[in-house]
Amino acid sequence: MNSIISIAHLNKRYASGLEALRDVSLEIERGEIFALLGPNGAGKTTLISIVCGIVRLSSGNISVDGHDIAREYRAARSKIGLVPQELHTDMFETVWDTVKFSRGLFGHRPDAAHLEKVLRDLSLWTKRHDRIMNLSGGMKRRVLIAKALAHEPQVLFLDEPTAGVDVELRRDMWALVRQLRDSGVTIILTTHYIAEAEEMADRIGVINKGELILVDDKASLMKKLGKKQLLVQLQEPMLAIPDGLNDWQLVLNDGGNELECTFDTGEEQRAVPTLLRRLGELGVEFRDLKTRQSSLEEIFVNLVRQSR
Amino acid sequence: MNRQRLFNLYGVLAIYRFEMARFRRTLWQSLATPVITTSLYFVVFGSAIGARMGDVDGISYGAFIVPGLLMLSVFTESLNNASIGIYLPKFTGTIYEVLSAPVSAFEIVLAYVGAAATKSILLGLVILGTASLFVPIHIQHPLWMAAFLLLVALSFSLAGFIAGVWSQGFEQLQFIPMLIITPMTFLGGAFYSIDMLPPVWRTVSLFNPVVYVISGFRWSFYGTADVGVGISLMAMMLFLLLCLTLVWLIFRTGYRLKS
């Protein structure tokens with residue numbers, strides 16, 4: 001595996017006694033989009049903050065592109081860009097000054113051409129002389145992204161990047177994230193919007209109560225843990241499920257007017273025709289058929305519920 | 001990044017310039033307030049009351065109070081500038097960027113404290129210029145005066161940095177300058193020689209570290225001092241060392257910066 005971030009046996013206990021992270025081990029592959037999902041207080045932001053150097057770890061090891069975050073913090077941090085969840089900006093600064101500040105802070109010589117490209121990509125170029133306090137919430141979030149990209153990082157952490165932004169901006173940000181990934185930047189995002197992870201992530205990690213309970217490819221996760229349902233709208237209501245259908249997981253809905261069959265994703269090719277044939281043999285007539293697949297959100301909710 | 005493996009020059013310059021830009025944005029407030037306050041001191045103590053007072057150690061009263069007044073401003077401004085410099089990012093949350101950047105603790109302190117000290121030295125020079133409009137000033141040891149000014153600006157800016165990290169609200173931010181430094185300065189010989197005090201109070205005054213700072217600084221102007229210059233210098237160096245130790249402890253433990 002070509003990891004750019006390697007986390008081994010990470011533990012974090014705050015002074016208050018709160019155990020925020022428990023024995024977390026994780027490899028982030030170079031060039032991927034990794035979504036970290038978890039309910040509030042699961043430890044997502046703590047994990048990001050430790051990798052970025054904002055919060056101290058209690059035990060464990062983390063390296064970024066082979067550089068230990070404690071011993072070689074300069075090399076490690078220079079490769080990371082962070083977009084925080086909250087809109088932390090210097091309100092009296094102009095857009096241009098603040099991105100220039102960020103580039104310098106990360107040890108890079110001034111490069112007006114690069115900053116111009118970043119601002120243009122984020123539709124901020126025309127706002128470069130505006131004070132941040134005069135920008136809208138969505139624009140401020142773009143400024144935070146521009147600041148994180150000012151020093152050309154190899155890894156970009158996006159902590160709830162689309163929280164509180166409108167649909168159009170969310171779509172713009174998704175496009176930007178894909179564009180960054182295509183340019184070789186590794187993206188790690190936390191999000192409450194499961195649809196965001198479903199839309200963008202290559203791999204998904206689920207964290208709950210400080211423990212990483214699952215890491216998998218999105219497609220494989222959907223395949224392994226996803227369920228498919230076949231909904232059969234019956235011509236005549238059924239009082240009880242006939243004995244001849246005991247081989248399937250069936251439930252009667254809508255006063256016996258609908259038969260619901262649940263099966264694992266991937267089994268539909270075998271299960272659906274067999275069930276329909278069996279219904280025909282038993283003389284059960286139907287007027288409509290619908291299928292639905294469980295979303296990542298349902299998978300996530302089930303995983304979190306099981307880990308409680 | 002090769003050159004920055006040892007020292008992040010661009011990082012230090014970025015913080016330093018950011019802080020100086022904040023100073024420029026509030027230039028009138030930063031300069032006019034202390035200049036007007038100092039001018040009022042000269043009008044009241046130098047002209048109105050001072051004209052009725054005799055010389056102190058052979059120096060006219062108006063001229064005698066110049067080093068003390070200048071120090072009062074430098075103490076206060078160094079503390080305020082450095083404490084606000086580090087407190088504001090903590091308050092607004094923008095500290096995340098500094099903490100996640102490849103800058104060392106030394107570089108962070110150098111930038112914030114360097115900017116705060118620069119501002120208070122500039123202010124000190126402006127006040128010196130203002131004072132010269134009211135009283136004739138002759139500096140006997142200009143190099144020592146510059147050295148004392150630099151030492152005081154640096155050490156009090158370090159103290160301000162510590163206060164800014166320690167503060168958890170604007171009220172606490174004002175606590176040290178208003179309730180500790182200003183009274184110590186007024187009782188530290190800014191407006192009188194401690195030789196003018198009764199023996200008991202003179203002894204008590206010797207426990208006030210500000211006495212040594214003002215005395216040493218006054219010596220650089222007029223060649224007279226309440227305590228020996230060597231002792232003043234040693235007291236200032238000790239204070240600087242204490243501040244450096246506290247700053248080192250802050251970064252070692254992450255006190256109120258990193259959880």
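Mentor: Helices are DSSP runs of H or I, at least four residues, and strands are runs of E, at least two, both numbered from the N terminus. The model is predicted. By that reading, A:Glu160 lies in the loop between S7 and helix H6 (167-182) of chain A.

Trainee: What makes A:Glu160 count as buried, exposed or partly exposed?

Mentor: Count C-beta neighbours inside 10 Å: A:Glu160 has 19. Buried needs 20 or more, and exposed needs 12 or fewer. A:Glu160 therefore counts as partly exposed. Its phi is near 50 degrees, a positive value in a residue other than glycine.

Trainee: Where is A:His9 placed?

Mentor: A:His9 is in strand S1 (residues 3-13) of chain A. Its phi is also near 50 degrees, positive in a residue other than glycine.

Trainee: How do you know whether A:His9 is buried or exposed?

Mentor: It has 11 other C-beta atoms within 10 Å. The cut-off for exposed is 12 or fewer. So A:His9 is exposed.

Trainee: And what is A:Lys117 called, by its C-beta neighbours?

Mentor: Its count inside 10 Å is 13, so A:Lys117 is partly exposed. A:Lys117 sits in helix H4 of chain A. A:Asp217 is 100 residues from A:Lys117 in sequence, and their C-alpha atoms are 32 Å apart in space.

Trainee: How do you know that the span of helix H5 of chain A agrees with its number of residues?

Mentor: H5 runs over residues 137-149, which is 13 residues. At 1.5 Å a residue, the helix should span 18 Å. The end C-alpha atoms are 19 Å apart, so the two agree.

Trainee: Which residues in H5(A) are buried?

Mentor: A:Arg141, A:Arg142, A:Val143, A:Leu144, A:Ile145, A:Ala146, A:Lys147, A:Ala148 and A:Leu149. Their cover includes strand S6 (80-83), helix H3 (95-105), helix H4 (112-121) and strand S7 (155-159) of chain A.

Trainee: Why is chain A called more spread out than a compact globule?

Mentor: Start with the content: ten helices and 14 strands. The globule rule gives 19 Å for 308 residues, and the radius of gyration is 24 Å, well over that, so chain A is more spread out than a compact globule. Along the principal axes, its C-alpha atoms fill a box of roughly 80 × 45 × 35 Å. Buried residues are 38% of the 308.

Trainee: How is chain A divided?

Mentor: Into domain 1 (3-222) and domain 2 (226-307). Their C-alpha centres lie 41 Å apart. The contact takes eleven residues from domain 1 and ten from domain 2. On the domain 1 side, helix H7 (194-200), strand S9 (203-208), strand S10 (211-217) and helix H8 (218-225) each give two or more residues. H7(A) gives the largest share, three residues.

Trainee: What classes of residue are on the side of domain 1 of chain A that touches domain 2 of chain A?

Mentor: Nine nonpolar, one polar and one charged.

Trainee: How many residues of chain B are in contact with chain A?

Mentor: 25 residues of chain B meet 25 of chain A. Helix H1 (9-25) and helix H4 (95-99) of chain B are the elements giving two or more residues to the chain B side. H1(B) gives the largest share of that side, seven residues. By class, that side has twelve nonpolar, nine polar and four charged residues.

Trainee: What does the model score?

Mentor: ipTM is 0.88 and pTM is 0.85. Chain B averages a pLDDT of 89, and 98% of its residues score at least 70.

How values were computed:
Residues numbered from 1 in each chain as written. Chains lettered and ligands numbered in written order. Predicted model: local features only at pLDDT ≥ 70, side-chain atom pairs only at ≥ 80, totals over all residues. Expected span 1.5 Å × (residues − 1). Contact = placed C-beta atoms within 7 Å. Nonpolar A, V, L, I, M, F, W, Y, C, P; charged D, E, K, R; others polar. Domains from an automatic or database assignment. Rg over C-alpha atoms; globule rule 2.2 N^0.38 Å. pLDDT = per-residue confidence, 0-100.
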